[in-house]
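Good morning, and thank you for coming.

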2 protein chains.
Amino acid sequence: MNIDWVWLQNQLGRDKVSFNESVRSTHAQDESYHSPHLPDAVVFAESLSDICHTMEFARQYSIPIVAFGAGSSLEGHVIPIKGGISLDLTRMNRILEVRPDDFLVCVEPGVTRQALNDYLRPFGLFFPVDPGADATIGGMAATNASGTTTVRYGGMKNNVQALEVVLANGQIIHTNSLAAKSSSGYHLTELFVGSEGTLGIFSKIWLRIYGIPEQNMAAAAEFSSVQSAVKTVCSLIGTGVLLTRCELVSQQYLEIINRQLGTAYTETPTLFLEFSGTSSSILADVKLAETIALEEGCLKFTAVRIEEERRKLWTARHNAAYALMRSYPGLSHMSTDVCVPISKLPEAISLAEEWIRRLQIRGGILGHVGDGNFHVSLMVNPNDKEDLQHAQELSHHLVDFALSVGGTCTGEHGVGLGKRAYQKAEHGTALEVMREIKRLLDPLDILNPGKLVDD
Amino acid sequence: MNIDWVWLQNQLGRDKVSFNESVRSTHAQDESYHSPHLPDAVVFAESLSDICHTMEFARQYSIPIVAFGAGSSLEGHVIPIKGGISLDLTRMNRILEVRPDDFLVCVEPGVTRQALNDYLRPFGLFFPVDPGADATIGGMAATNASGTTTVRYGGMKNNVQALEVVLANGQIIHTNSLAAKSSSGYHLTELFVGSEGTLGIFSKIWLRIYGIPEQNMAAAAEFSSVQSAVKTVCSLIGTGVLLTRCELVSQQYLEIINRQLGTAYTETPTLFLEFSGTSSSILADVKLAETIALEEGCLKFTAVRIEEERRKLWTARHNAAYALMRSYPGLSHMSTDVCVPISKLPEAISLAEEWIRRLQIRGGILGHVGDGNFHVSLMVNPNDKEDLQHAQELSHHLVDFALSVGGTCTGEHGVGLGKRAYQKAEHGTALEVMREIKRLLDPLDILNPGKLVDD
């Protein structure tokens, strides 16, 4: 059947459907090492009705429809590996409603997390989930993104209150209510969060938001080894210190950060911590954290009291991966993402360090260690077979270990293309249930085909 | 087809399959006003294999299989309205594994919440979700139960880490990993939590557990009206005071509690609050809470400093519904359970009070007001048509209001039989997706038929 693109252009308006080579090529890739693949067309949706028309069109011709936001995914999620339509949602970037008294905000999927927080600041509110990139909320919901504040606030699954979703069959559904809790019906919101565009397209997202804490204080705790840093984290959590952030930055990473960002951190494994609350409770927490850290062998514990210094510290942490990328121009970025029960974290990081040394990996370890999640960020030459093989070997070893101790192959980046091979090993017979749900909701396999449950 | 019960008795052992009239009749009802219905047989499962054999048997003869725990459901969930098998899981009451360093525990479905907490106490750990009844963990997971600590720790959906589930087709699946977060595959755990035995039978449950706080302090704040009590709660949450519990007890309820439990609470709308943490942070929180409460018109704010007094206060709150039941012997208990966005709570409670007066309802208001959830507990004579009609009228008005402001018909009790009629109004087109998932996972409709998505 000839695809009648003119019909779609007439429905949406000519400027919303692009066949331009450079537009298609920016929609052919994400920020990962995965090979690009061009979509046949890029559709810029500006409304629910645009999404519905595009879905109708994709269904009619059985062509893929792949949602696209900031393009910052790390496992090839947005690459239209089977062509079809890249559905760009960045023009749907309105903040539709904020309800300060209910701690809720309703956004379109193309709103980015920084734009949202800029908007919320005058209300004394913020949205905590912070992946490294300034991703769109739609993309963050689709991958169940999380970040440095997850140890305190949870990731997207915990912070998406409700969704408006356009299904493959054209139906528009609304999941969950706006009540803080509910035992009514099946929990569809959580089913769609993390479904990576394979079950439906999000057209509206209600998020939980929070009061900006009265005060924040950061601290940098330096260690002679990653092991003692991680042990400190286990102790901190055990004693119930309320951590808002708890990040490990490896020595290699601090070298890169200092070089690229002009900072002067001691180049040794360091925990970046954050405490939030009232001034009196924070001081007590920082003091307790310092005592525990020193007991576990911390070399130096520096509480950062000045707000500007605190911001600098977190800017450095957030830009770490980008600093790494800039250090190796021409190479592609790859990141492991295992997450393990916290007691297994020291062993997992030991293993990572051993393989980094053995395979002479370019990169370092960054960890949301309070959640048992860490990344080996590495720069690979995708055209160099041996290089890529080494990187994948490292990833295999880490995933194998994580699964052997009840962990997961991906704590926050998602499956996309890169983690499909581990789904059977991780989920066993539950994978078949996932595939049945996929077939139920998308019988023509038009929604981001070839990803997540597809191998 | 003649049902060959002997086959099942041979598989499981004769003592596990009962046709005894009194055994069947204790499995014919729950703690609600819904009419009992006898199962054809009661099966006492003692192992995964017992569940599997029973499922195979039910599938073979297309007969219903209805999971049964403590029998404390409030909407008829466990009533086998179409006969078949009541699958009693209370003999599966082993605590299989506790991992203090990972803050996880693995239990069989028949473990009760109090038995679990007795077991965890020596580890310095506890499981926070506390519905009024000493329910089984399996039942609590199946209804997405919550309770007085949900404002701080979340309900079952937030605290079930992973599940082993026996599906209608006989497959055993394991949902989620033991990692604190994951973006791997679809989130099946949340789909099964709250599914009320309609999608599968839980055979093993991993729960998140927490360190027992260093210190707890309770407070009773008395008000002249429910309205000013609720406004206080909204202010407390707005300012970010960390509440571990935040319960409203109405004047009618305090009269009943005093009479039945021999306590001497002032008979006026009262907030029961709890604060947890380190001694210094608690004192600051209590002080702030008192200031806010007095600003909002609190008549008397009494911090309860002695541990025994604190326990007494929460025992009174937890036994409130039972005290009500004992006050009206011979009558049945019914409870509304709407949950609304917190800003709508004063209006919702006003409406409830107005209809309680107008319809001369026996009972009172109890609320997990920090979550926007409250109950009108009422005693009805199910054989008195007018009495039942009044109760249902009250419930209708409250649900209508809740849905009109984006709330839910049930915050924590679940749908069962009593809230089926509201599912279409609440979920709209999403209900069809729920029904399709039900048909996918249970094509023969043997799992708790006639409940939740069935109308």
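Let me begin with disulfides. A disulfide is a covalent bond between the sulfur atoms of two cysteines. This is a predicted model, and a search of the whole structure, over all chains, finds zero disulfides. For comparison, the cut-off for a disulfide is 2.5 Å between the two sulfur atoms. Cys246(B) is also buried, with a relative accessible area of 2%.

Cys409(B) is likewise in no disulfide. Its nearest cysteine sulfur is that of Cys339(B), 11 Å away. Is Cys409(B) buried or exposed? Its relative accessibility is 0%, so Cys409(B) counts as buried.

I turn now to the domains of chain A. Chain A is divided into domain 1, residues 5-90; domain 2, residues 95-211; domain 3, residues 215-322; and domain 4, residues 328-434. To the contact between them, domain 1 of chain A gives 13 residues and domain 2 of chain A gives 18 residues.

How much area do these domains bury between them? The size of an interface is often given as the accessible area lost when the parts come together. For domain 1 and domain 2 of chain A the buried area is about 1200 Å², and 74% of it is on carbon and sulfur atoms. On the side of domain 1 of chain A, Leu48(A), Met55(A) and His77(A) supply 36% of the area buried against domain 2 of chain A, more than any other three residues.

What of polar links across this interface? The rule finds zero salt bridges between domain 1 and domain 2 of chain A. Two residue pairs are in polar contact between these domains.

Finally, let us consider the two chains together. Two copies of a chain are related by a rotation about an axis and a shift along it. The same surface serves both copies, for 100% of the contact residues of chain B recur in chain A.

Key: Residues are numbered from 1 along each chain as its sequence is written. Chains are lettered from A and ligands numbered from 1 in the order in which they are written. This is a predicted model: local features need pLDDT of at least 70, side-chain atom pairs count only at pLDDT 80 or more; totals for chains, interfaces and linings use all residues. Side-chain values use heavy atoms; hydrogens and water are left out. Contact means heavy atoms within 4.5 Å. Buried means under 20% relative accessible area, exposed over 50%, partly exposed in between (1.4 Å probe, protein chains only). Domain bounds come from an automatic or database domain assignment. Buried area is the accessible area (1.4 Å probe) that two parts lose on being put together, summed over both. A salt bridge is a side-chain nitrogen of Lys or Arg within 4 Å of a carboxyl oxygen of Asp or Glu. A polar contact is a pair of N or O atoms within 3.5 Å; within protein, one must be able to donate a hydrogen and the other to accept it, and residues adjacent in sequence count only if both atoms are side-chain atoms.
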